[in-house]
Amino acid sequence: MSSTEDLDYPQILFQYNNGFLVSKIMFTTCELGVFDLLLESEGPLSSDAIAEHLGTSVSGMERLLDACVGLKLLEVEMKSEGAFYRNTELSNLYLTKSSPKSQYHNLMYYSKTVYLCWHYLTDAVRDGKNQYERAFGVSSKDLFGALYRSEEEMIKFMYGLNAIWSICGRDVIAAFDLSPFTVIYDLGGDFFKDPIPEADLYILARILHDWADDKCMQLLAKIHKACKPGGGVLLVETLLNEDKTGPLEAQLYSMNMLVQAEGKERTPTEYRKLLAAAGFREIQVKKTGKLYDAILGRK
Ligand code: ASE
């Protein structure tokens, strides 16, 4: 039997086509503070009340709220006076600024920085490099200079990464028994220039994916030198399948590393090779089944 009868090709096509419209609706609703207002309000609110509180047009807000209902980011209740909106559980948990698991900063980073780089995806594929120059007029010669264009930009990036960490951190840290390691050092900042302190375990979370193989090697060799014998390095990254057929999330992030950084997402074998070349052994790979996976190497 031909598969065309089982698959609704136009539906898949339109869903992919409209993917960024969905992203933008979520970003904008977050940015305007709709979820925060509905969290703090006594009960459901009308579109008029929401527009008034947030200083927006009624015509724009009405449509935004209805689109959020379609996305299950809001729920609507029809009363005789009209439509009244409230947050869904997902929105209360992840899209309000005050929630412990708030993704607000991550969404704003995507909306204000990632989205602008993706505007130049075609150029990124043509050039094979990130698009800071086209998107923001900054030189891409120095990735730190581009990623952290200003103190404000750096802080937004850090808040964004932190938001993801608040959801995903636990799974990664639970992947290995880290109790043998007493002094643990989470690498950040300019680790190419700065000296690396002696420790039992170095955590490189979402670092290597920013860099090309030669830079990764340079960094891992520097860490290996500083590492105590018996110590190790823990990589936290989104792993690609060995044949690179998925997961989709890893493939998307690898495209993001093209437009935004100098690296790529890698397979377990690729990380094993980098670690082994830097002198690490007893390399273990743990797929968590969640967004981030873990790779442990020992000195
Ligand atoms: C990086 C992480 C991110 C570099 C650029 C980035 C994120 C967005 N842009 O190390 C957060 C996580 N998302 C991805 C695509 O990795």
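K244 is found in the loop between β6 and α13, where helices (H or I, at least four residues) and strands (E, at least two) are DSSP runs numbered from the N terminus. The model is a predicted one, in which local features need pLDDT of at least 70 and side-chain atom pairs count only at pLDDT 80 or more, while totals for chains, interfaces and linings use all residues. Residues are numbered from 1 along each chain as its sequence is written, and side-chain values use heavy atoms, with hydrogens and water left out.

K244 is not a glycine, yet it has a positive phi of about 60°. This lysine counts as partly exposed because its relative accessibility is 40%; buried means under 20% relative accessible area, exposed means over 50%, and partly exposed lies in between (1.4 Å probe, protein chains only). The loop between β6 and α13 (248–260) also holds P247. The peptide bond leading from G246 to P247 is cis, with omega near -15°. A positive phi turns up at E282 too, at about 50°, although E282 is not a glycine. E282, however, lies in strand β7.

That strand belongs to an open sheet of 5 strands, with the order β4-β5-β6-β8-β7 and mixed pairing. Here, two strands pair if DSSP finds at least two bridges between them. At the edges stand β4 and β7 (281–286), each pairing on one side only. On average, neighbouring strands of this sheet are turned by 15° against each other, direction ignored; axes are lines fitted to C-alpha atoms, for helices over the stretch in contact, and angles run from 0 to 180 degrees between N-to-C directions.

β5 (residues 201–205) is mostly covered, with 5 of its 5 residues buried. In a regular strand the side chains alternate between the two faces of the sheet. From β5, L201, I203 and A205 point one way, Y202 and L204 point the other way, and all are buried. Strand β4 (residues 184–186) pairs with β5 in the parallel sense over 3 bridges. Within this pairing, I184 has L201 as its bridge partner in β5, and Y185 has Y202. Strand β6 (residues 232–237) runs parallel to β5 and is joined to it by 5 bridges. Y202 stands opposite V233 in β6.

Helices lie across these strands. α12 lies across β5 and β6 and runs at about 160° to β5, while helix α14 (residues 268–277) lies across β6, β7 and β8 (293–298) and runs at about 155° to β7. H224 has its place in helix α12 (residues 213–226). This histidine counts as buried because its relative accessibility is 18%. Not counting residues up to four places away in sequence, H224 touches A278, G279, F280 and K299, contact meaning heavy atoms within 4.5 Å. H224 and L201 are 23 residues apart along the chain, and their C-alpha atoms are separated by 10 Å.

Attention now turns to the helices earlier in the chain. Two packed helices are described by the angle between their axes and the distance between the axes. The axes of helix α2 (residues 19–32) and helix α5 (residues 58–70) come within 10 Å and cross at roughly 120°. The angle therefore makes α2 oblique to α5; angles under 35 degrees count as roughly parallel, over 145 as roughly antiparallel, 65 to 115 as roughly perpendicular and the rest as oblique. The crossing of α2 past α5 is left-handed, a term used if the near helix is turned anticlockwise from the far one by less than a right angle, with clockwise giving a right-handed crossing. On the α2 side the contact is made by I25, T28, T29 and L32, and on the α5 side by M61, L64, A67 and C68. By class, this contact has 6 nonpolar, 2 polar and no charged residues; Ala, Val, Leu, Ile, Met, Phe, Trp, Tyr, Cys and Pro count as nonpolar, Asp, Glu, Lys and Arg as charged, and the others, Gly among them, as polar.

With a relative accessible area of 0%, S91 is buried. Neighbours within four places in sequence left aside, S91 is in contact with F35, L73 and T96.
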